[in-house]
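Please have a look at what comes up on the screen, and then I will walk you through it.

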2 protein chains.
Amino acid sequence: MAETSRTDSQSNALPAGLEDNLGWLLAQCFRAHMIAAETAVADLPHGARGYLALCGAATCSARNQAELAKQLGVDRTVMVYLVDDLEKAGLVERLPDPADRRSRLIRATVAGVERLNAAQHAISAAESALLATLGQDEQRQLREMLHRIAASQVLGPAAPCPNAGPGADPCSS
Amino acid sequence: MAETSRTDSQSNALPAGLEDNLGWLLAQCFRAHMIAAETAVADLPHGARGYLALCGAATCSARNQAELAKQLGVDRTVMVYLVDDLEKAGLVERLPDPADRRSRLIRATVAGVERLNAAQHAISAAESALLATLGQDEQRQLREMLHRIAASQVLGPAAPCPNAGPGADPCSS
DNA sequence: TATTGTTATACTCTATAACTATA
DNA sequence: TATAGTTATAGAGTATAACAATA
């Protein structure tokens with residue numbers, strides 16, 4: 001009925017009605033981040049997904065392969081190929097779980113941690129451009145709020161990491 | 001180098017090193033939102049993607065089909081099926097562009113706007129749970145910051161909408 | 001009986017190429 | 001020549017089902 005006044009400044013404006021659409025905004029920002037980080041993760045086995053799996057392995061975010069799959073939102077059958085290729089590349093390793101002989105502990109190797117650090121360094125540079133419209137405090141706020149949302153959704157349990165074995169601890173870097 | 005002190009409270013905590021990983025956080029929040037809104041968009045032709053396409057059509061975010069494809073990050077060949085099915089469902093319509101006979105204007109029908117409003121209503125309820133850990137001011141801040149990031153990335157041009165034809169204006173609801 | 005990891009198979013989704021019509 | 005839209009085909013990606021080992 002009433003015509004929306006579209007006389008506001010058109011510079012840098014999203015179409016009316018989308019600036020409050022959280023689903024749209026998250027999709028746009030997520031995709032923008034993927035595009036920005038694309039080259040940084042291009043040499044990793046499965047691109048962005050391989051990077052996230054490596055992140056999970058290096059930070060011991062999951063107890064075993066199935067849990068990591070849940071965290072990444074992929075099928076456990078897909079996780080096999082994912083870990084297979086990361087393992088072939090020498091970035092992660094499958095260790096037997098002393099507590100459960102069925103499951104495998106996915107741990108980042110030293111080379112994997114190094115590659116991860118390199119990737120994260122490149123991603124940081126890309127993120128600077130992505131977050132250029134935000135101040136330093138706002139960037140911290142954004143991360144903190146996203147973290148609070150992610151933590152409230154128990155997509156993957158935040159259990160203490162049992163991967164700390166006799167070898168080098170990849171979580172300490 | 002310096003060992004990060006890991007003595008902070010483990011309640012609701014993501015594994016160390018992930019709480020600052022913007023890529024991880026965006027992926028988690030985006031997926032959490034998709035899962036939360038899943039049932040609300042389940043009856044739309046292509047689920048979440050169909051919902052976003054309908055959002056774009058209703059808000060006239062893109063000039064034509066190709067531009068909408070760019071905004072959604074899908075191939076233009078995929079866009080054909082997407083719009084096809086939305087059109088079959090009577091949610092959008094392809095209109096000839098008076099300025100360019102090659103392109104088609106994708107406009108939401110009245111039924112499409114109604115379905116969109118219903119979906120957005122259901123999604124709002126789901127978002128309340130998703131954002132429960134944030135205060136009202138924080139939720140506004142989050143949307144505003146995401147909006148600023150999305151607007152700074154010119155994934156799709158924010159051009160004035162030429163869809164306002166002789167028929168009912170779907171952008172006014 | 002349920003779960004972890006694995007494999008093979010079938011399915012869905014996506015992209016490449018080619019075509020028509022317009023610019 | 002370049003672009004918008006479409007179609008058909010081939011490829012990549014994904015899930016389903018079945019299996020062995022273990023809880």
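I will begin with how the model was made and counted, then go from one chain to the pair, and end with some individual residues.

Please keep in mind that this is a predicted model, in which local features need pLDDT of at least 70 and side-chain atom pairs count only at pLDDT 80 or more, while totals for chains, interfaces and linings use all residues. Residues are numbered from 1 along each chain as its sequence is written, chains are lettered from A and ligands numbered from 1 in the order in which they are written, and side-chain values use heavy atoms, with hydrogens and water left out.

Let us start with chain A, whose secondary structure comes to seven helices and two strands, where helices (H or I, at least four residues) and strands (E, at least two) are DSSP runs, numbered from the N terminus. Read from the N terminus on, the elements follow the order α-α-α-α-α-β-β-α-α. Chain A has 173 residues, and 45% of them count as buried; here buried means under 20% relative accessible area, exposed means over 50%, and partly exposed is in between, with a 1.4 Å probe and protein chains only. If we take the contacts in chain A with a separation of 6 or more, 52% of them are between residues 24 or more positions apart, a contact being heavy atoms within 4.5 Å.

Now to the pair. Chain B can be laid on chain A with an RMSD of 0.0 Å, by a turn of 180° and a shift of 0.0 Å along the axis, and the two copies are thus related as by a two-fold rotation axis. The superposition is by least squares on the C-alpha atoms of residues with pLDDT of at least 70 in both. Through which surface do the copies meet? Of the interface residues of chain B, 98% are also interface residues in chain A, so the copies meet through the same surface.

One place where the chains come together is a pair of helices. Two packed helices are described by the angle between their axes and the distance between the axes. Helix α1 of chain A, residues 22-36, packs against helix α7 of chain B, residues 136-152, at an angle of about 45° and with the axes 9 Å apart. That makes α1(A) oblique to α7(B). For the terms, axes are lines fitted to C-alpha atoms, for helices over the stretch in contact, and angles run from 0 to 180 degrees between N-to-C directions; under 35 degrees counts as roughly parallel, over 145 as roughly antiparallel, 65 to 115 as roughly perpendicular, and the rest as oblique. Among the residues that meet here are Leu22(A) and Cys29(A) on the α1(A) side and Arg143(B) and Ala150(B) on the α7(B) side.

Within chain B, the axes of α4(B) and α5(B) come within 9 Å and cross at roughly 105°. That makes α4(B) roughly perpendicular to α5(B). The contact involves residues including Leu68(B) and Ala69(B) of α4(B), and Met79(B) and Val83(B) of α5(B). In the loop between these two helices is Val74(B), which counts as buried at 11% relative accessibility. Leaving aside neighbours within four places in sequence, Val74(B) is in contact with Arg49(B), Ala69(B) and Met79(B).

Another residue to look at is Glu127(B), in helix α6 of chain B, residues 110-130, which counts as buried at 8% relative accessibility. Apart from neighbours within four places in sequence, Glu127(B) is in contact with Leu22(A), Gly23(A), His33(B) and Arg143(B). The C-alpha atom of Glu127(B) is 7.2 Å from that of Ala36(B), although the two are 91 residues apart along the chain. Ala36(B) itself lies in helix α1 of chain B and is partly exposed, with a relative accessible area of 28%.

Finally, the cysteines. How many disulfides are there over all chains? The count comes to zero, a disulfide being a pair of cysteine sulfur atoms within 2.5 Å. For Cys29(B), the closest cysteine sulfur is that of Cys29(A), 11 Å away, which is too far for a bond. Cys29(B) is buried, with a relative accessible area of 2%, and Cys55(B) is buried at 1%.

Most residues other than glycine have a negative phi. Cys60(A), however, has a positive phi of about 55°, and this residue lies in the loop between α3 and α4 of chain A, where it is buried with a relative accessible area of 3%.
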